[in-house]
Amino acid sequence: MKRRESRQIDIGGVKIGGGAPVVVQSMTNTATHDVAATVNQVNCLTNAGCELVRLAVPDMKAASALREIKSQATIPIIADIHFDYRLALAAIENGADGLRLNPGNIGRRKEVQEIVVAAREQAIPIRIGVNSGSLNRALLRKYGHSTPEALVESAMGHVRILEELDFHLIKISLKSPDVLQMISAYRLLSEKVDYPLHLGVTEAGGLVSGTVKNSLGIGILLSEGIGDTIRVSLTRDPVDEVKVAYEILKALGLRQRGAEIISCPTCGRCEIDLLSLAERVENALNGITTPIKVAIMGCVVNGPGEAREADIGIAGGRGQGTLFKKGRLIKKVPESDLARALIDEVKKMVN
């Protein structure tokens with residue numbers, strides 16, 4: 001698919017936009033001033049494939065903790081700032097690689113200018129992070145409520161301020177829990193600017209509803225070539241956000257990381273315990289980063305064909321299964337040994 005042309009920025013060595021691969025982000029949910037807990041979560045996110053991580057900076061204690069967290073992290077740290085411009089200045093001083101500012105609540109132009117001066121000196125990009133839940137009162141009076149046009153106007157107002165201050169290390173997000181509103185807003189914005197865009201459906205909910213909303217909102221825009229970074233918002237362990245993000249990218253052919261599991265939904269033709277088998281295999285392959293397509297099929301109708309098309313796969317039925325590798329039948333295995341046989345063969349292929 002043809003991707004929207006955008007400027008490229010650099011956040012702590014990670015390229016954003018300008019044809020670079022779509023970058024996966026997440027955010028910690030620990031208290032940032034708890035350095036040990038935050039570092040542990042950053043490391044877990046890093047191991048899951050997270051490439052940028054955002055930390056809440058609600059007070060000076062959190063801003064000061066960034067220095068120690070940064071010294072132990074291996075991915076760039078973005079400071080999430082609201083209300084007090086001095087927190088942004090402190091975050092820069094303590095080594096943040098990027099800033100996220102909300103134009104609906106950050107303060108007056110003079111205060112934004114102080115942030116820009118400090119960010120320019122350190123070549124630190126700023127994300128203009130517009131959220132439908134925190135639009136300023138003037139825009140709400142103008143539009144009556146949150147609309148795609150209101151989100152875009154909010155972002156463009158802040159863009160103009162930064163541009164007038166000759167600052168162009170900009171990334172923009174327009175987030176809403178309303179999927180259609182979010183999609184419309186990004187489409188409008190993509191026609192107005194060439195800055196990289198960070199996609200997300202905010203406050204999307206738990207694992208099921210949140211995955212659906214993010215997959216639709218982020219997936220539709222990415223399929224149109226819009227989007228340079230993504231963050232899947234879930235009321236879950238943030239590691240799950242990263243996992244879902246990569247599944248979206250894999251489904252669109254934009255990034256490949258880890259095992260892509262192809263397994264049937266089961267039906268009356270299934271003659272093995274496919275649910276337990278698929279769950280065991282998926283859990284065992286969770287830490288694999290090498291791209292590999294793994295088929296776990298439970299009947300003789302589509303199973304053999306799907307298994308042959310995968311890098312490796314099994315097609316089960318009547319108490320046993322057939323193991324395929326690169327389209328070739330390798331051996332038949334009793335049902336009780338199917339999971340172990342498949343897991344062992346996958347690990348041989350990726351090691």
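Pockets first, so a definition. On a 1 Å grid over the protein atoms alone, a pocket is an open set of points with protein on both sides within 12 Å along at least five of seven lines, while a cavity is a set where a 1.4 Å probe fits but cannot get out; lining residues have an atom within 4 Å of a point. Points are joined across faces, edges and corners, and a volume is the space filled by probe spheres set on them.

Two notes on the source. This is a predicted model: local features need pLDDT of at least 70, side-chain atom pairs count only at pLDDT 80 or more, and totals for chains, interfaces and linings use all residues. Numbering runs from 1 along each chain as its sequence is written, and side-chain values use heavy atoms, with hydrogens and water left out.

The second largest pocket has a volume of about 290 Å³. It is lined by 17 residues, and the closest to its centre are Met27, Arg54, Arg231, Ser233 and Glu241. That lining divides into four nonpolar, six polar and seven charged residues. Here Ala, Val, Leu, Ile, Met, Phe, Trp, Tyr, Cys and Pro count as nonpolar, Asp, Glu, Lys and Arg as charged, and the others, Gly among them, as polar.

Now the largest pocket, at about 750 Å³. Of its 28 lining residues, Lys243, Glu247, Ala259, Glu282 and Asn286 are the closest to the centre. Which helix gives the most to this lining? H9, with nine residues. Helices are DSSP runs of H or I, at least four residues, and strands are runs of E, at least two, numbered from the N terminus. The lining holds 11 nonpolar, nine polar and eight charged residues.

Next, H7, residues 179–190. Its 12 residues reach 17 Å from first C-alpha to last, close to the 16 Å expected. The expected span is 1.5 Å times one less than the number of residues. Its buried residues include Met182, Ile183, Tyr186 and Leu189. Buried means under 20% relative accessible area, exposed over 50%, partly exposed in between, with a 1.4 Å probe and protein chains only.

Last, two loop residues. Alanine 123 sits between helix H4 and strand S7. Its phi is near 55 degrees, positive in a residue other than glycine. Glutamate 203 lies in the loop between S9 and H8, with phi near 50 degrees. Buried or exposed? Glutamate 203 is exposed, at 55% relative accessible area, whereas alanine 123 is partly exposed, at 46%.
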